[in-house]
Amino acid sequence: MAESAQKLHRDLPPTTLWTYGGHCPGPTIEARSGEPVEVVWENALPSKHFLPVDHAICGAEADKPEVRAIVHLHGAKVPRKDDGFPEDWYVPGKSRRHRYPNAQDAATLWYHDHAMGINRLNMYAGLMGLYLLRDEHELSLGLPSGEQELPLVLADRLLREDGRLYYPDSGDAKAPWVPEVFGNVTLVNGAILPRADVQARRYRLRVLNAANGRFYHLRFRDGRALQVIGSDQGLLAAPVSMTSLFLAPGERADVVVDFADLRGGHAELMNDALPLMRFAVGSGMVRDESRVPQVLRDVPRMTESSASSTRELTLDEYSDCIATPMLMLLNGKRWHDPVTEKVKLGSTETWSLVNLTEDTHPIHLHLVRFQILDRRPYDVDEYMAKKTLRYLGPAQEPPPHERGWKDVVQAYPGMVTRIVATFDGHVGRYAWHCHLAEHEANEMMRPFEVV
Ligand SMILES: [Cu+2]
């Protein structure tokens, strides 16, 4: 991790970023299931932050070093010491060796900063990268690979005219935290509106939404099909053909797109009406031997009855007198409150996320993969008044592209979102949190403990 300068666009001067390995996003780490990888993450960042640290935020108090970092491998099943727990941060000049067992199925994982109280700033500064875990089964499918596999790391940023990063503040120098940050540009693999030169054949796009707060509504301008083959934790049971895809911060989509009909033409990937990048398709004829099998893998559907217990957990937001959000919590508790989610190693639990707010929160659990059971509309006012759940309609099964293994779930407003997970692999204290980085900081993050 070090400060570097990067050209985000031909017409802009270089932008100061904090990166892994000199570029944002950092190097894509490729690993094989069953083959452990060790990474030494060296903190060579400056000792002063260039974005507004809020000392009123939990974990970023004025007595703490201003610049701290810890790398979390998102979606990885790892021992607690290697997870990148928010309080395991270290200062410039120090380093930490992480061992990733890779004892899990192929998946689109990613790494990013998780330092308590400042990771929204560290991520915004550029500390993120992809980690592609592959396995024999996935490699046997014949999916587009090699040059026909393109990682797409999406992250929006506010840029000044001189190319410098801008991170907004509240106007209160003692408490500069803001509840959400949305950029005026989106970086795709660290560039504004990049162009990819492709051939008239199928491509596999490994898409990551690495934004602090923006949800992406992805589609091609010409409406061409997105064959969704995987989500956060690897392949779906079968491909799902879609024309648009809604991706929350932290979520990944594994998508195959076919440019075979576009020789000499181009395709544009959009976020709603705004172009994100352009694919310039070569005019040559190519032989495409890649395949998208109709059966990708076995994803046994978990049911409610597989869980030994259910937890009801609220998503809360507290506002000031002019309705500006000031604090977000999970189940009404702060980070430093005693651990309430103690889960027995190997047990399966249902977590019912009761969203009391008016926002969708992408909720992420470290350590485990889970499945979405359902979402069900309920009477929020009645719950607020009496703590009783009165449903307003039937439970809705997740759509096909959300029926694979997940590690982030979009918890919609007005809904109870239920997920089911088996807490196996490792004991210890891990984090679960909203993946809107500004929410997570204040304080939509809680520890849970596997015992
Ligand atoms: Cu949130």
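The domain assignment divides the protein into domain 1 (2-135), domain 2 (146-281) and domain 3 (304-450). These bounds come from an automatic or database domain assignment. The model is predicted, so local features need pLDDT of at least 70 and side-chain atom pairs count only at pLDDT 80 or more, while totals for chains, interfaces and linings use all residues. Residues are numbered from 1 along each chain as its sequence is written, and side-chain values use heavy atoms, with hydrogens and water left out.

The C-alpha centres of domain 1 and domain 3 are 25 Å apart. Between these two domains, 22 residues of domain 1 are in contact with 25 residues of domain 3. Contact means heavy atoms within 4.5 Å. The size of an interface is often given as the accessible area lost when the parts come together. Domain 1 and domain 3 bury about 1,900 Å² between them. Of this area, 59% is on carbon and sulfur atoms. Buried area here is the accessible area (1.4 Å probe) that two parts lose on being put together, summed over both.

In soluble globular proteins, nonpolar side chains tend to be buried together. The largest nonpolar core in this model has 82 residues. A nonpolar core is a set of buried Ala, Val, Leu, Ile, Met, Phe, Trp, Tyr and Cys residues joined through side-chain atoms within 4.5 Å. Buried means under 20% relative accessible area, exposed over 50%, and partly exposed in between (1.4 Å probe, protein chains only). The residues with the most contacts inside the core are Met1, Trp41, Trp351, Ile363, Leu365, Phe423 and Trp432. Leaving aside residues up to four places away in sequence, Met1 touches several residues, among them Tyr20, Trp41, Leu45, Val71, Tyr90 and Leu127. A second, separate core has 32 residues, including Leu154, Tyr203, Val228 and Val240.

Strands (E, at least two residues) and helices (H or I, at least four residues) are DSSP runs, numbered from the N terminus. Two strands pair if DSSP finds at least two bridges between them.

Strand S22 (residues 309-319) has two partners described here. S22 and S23 run antiparallel and are joined by five bridges. S22 and S25 pair in the parallel sense over seven bridges. Leu315 stands opposite Leu330 in S23 and opposite Asn355 in S25. S25 also pairs with strand S29 (residues 415-422), in the antiparallel sense and over seven bridges. There, Val354 has Val416 of S29 as its bridge partner.

Strand S25 (residues 348-355) is mostly covered, with eight of its eight residues buried. In a regular strand the side chains alternate between the two faces of the sheet. Thr348, Thr350, Ser352 and Val354 point one way from S25. Glu349, Trp351, Leu353 and Asn355 point the other way.

A further open sheet has five strands in the order S13-S21-S20-S15-S18, and its pairing is also mixed. Strand S13 (195-198) and strand S18 (244-247) are at its edges, each with a single partner strand, so one side of each is left without a neighbour. The twist here averages 20 degrees from one strand to the next. Strand S15 (residues 216-220) and S18 pair in the antiparallel sense over four bridges. His217 has Phe246 in S18 as its bridge partner.

Most residues other than glycine have a negative phi, and most peptide bonds are trans. A cis peptide bond joins Cys24 and Pro25, with omega about -5 degrees. Pro25 is in the loop between strand S2 (15-19) and strand S3 (26-32). The bond from Asn442 to Glu443 is also cis, with omega near -15 degrees. Asn102 has a positive phi of about 55 degrees and counts as buried at 3% relative accessibility. Asn189 has a positive phi near 55 degrees, but is partly exposed, with a relative accessible area of 29%.

Conventions: Axes are lines fitted to C-alpha atoms, for helices over the stretch in contact, and angles run from 0 to 180 degrees between N-to-C directions.
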